[in-house]
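Me: I would like to learn how to read ring pairs and strand pairs in a model. Can we go through some cases?

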Amino acid sequence: SEAFRGCTSLSYVHLPESLVFLDQCTFMDCTSLKKIDLPSGLRELGGRNFEGSGLTEVTLPDSLIELNISEFTKTPIRSLYIPDTVTSVKGELHDCPELEVLRLPDTITNIPYFRDLPALKTVYLPRDLTDVMMWLPSNNFANCPSIEEVILHPECKYYEIRNGKVVQKYTGEVLMEIPAAK
């Protein structure tokens, strides 16, 4: 853990294929790190590994099964596509000023908390969504004013888009408002 934390001259990393787990904060605050090649057998990221780094792009491997979304907090990442092999997404993602597209895997049943993503325009919500982690009284996408499009899997049983809002089908409880849809 924290092996390269704060290494500001590191710009590119290729991790060995034998790596299956990356511990916490490994590349945290590596402000020059723009690209990383994750191994195809990686199964879990421990949390906050890339927080505060200069990471603008990442391809998460199909072997990944667990993800702490805080991995990418405070990065200039532009899009985040989480593969459907991931069955658990936890943590909180915030302060990513360049993030425009977020795709959550269809295999998760709840969504973590997202906030302060001013450029976020498109959100893909999972098919199996049944529960929402309401950590704060407001919605799960606080201070994300640029959301224009929410794509909800057509087979989602519990949520639907209604009048510019994602709502629970049976109770009408609002999961999130789509700010730009008003």
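Reply: We take the aromatic rings, then the strands, of this predicted model.

Me: How many aromatic pairs does the structure hold?

Reply: There are five aromatic pairs in the structure. One of them joins Phe 4 and Phe 27, which are stacked, with 5.4 Å from centre to centre and 5° between the planes.

Me: Is Phe 27 buried or exposed?

Reply: Buried means under 20% relative accessible area. Phe 27 has 1% relative accessibility, so Phe 27 counts as buried. Phe 4 counts as partly exposed because its relative accessibility is 41%.

Me: Which residue forms a stacked pair with Phe 50?

Reply: Phe 72 does, at 5.7 Å centre to centre and with 15° between the planes. Phe 50 sits in the loop between strand 4 and strand 5, and Phe 72 in the loop between strand 5 and strand 6. Both Phe 50 and Phe 72 are buried. Ring pairs join Phe 4, Phe 27, Phe 50 and Phe 72 into a cluster.

Me: Now the strands. In what sense do strand 16 and strand 17 pair?

Reply: In a regular strand, side chains alternate between the two faces of the sheet. Strand 16 and strand 17 pair in the antiparallel sense, over four bridges. Opposite Tyr 159 stands Gln 168 in strand 17. The two strands form a hairpin with two residues between them, and Asn 163 in the turn has a positive phi of about 55°.

Conventions
Residues numbered from 1 in each chain as written. Predicted model: local features only at pLDDT ≥ 70, side-chain atom pairs only at ≥ 80, totals over all residues. Heavy atoms only, no water. Phe/Tyr/Trp six-rings, centres within 6.5 Å; stacked < 30°, edge-to-face > 60°. Buried < 20%, exposed > 50% of the residue type's maximum accessible area, 1.4 Å probe, protein only. Pairing = 2+ DSSP bridges.
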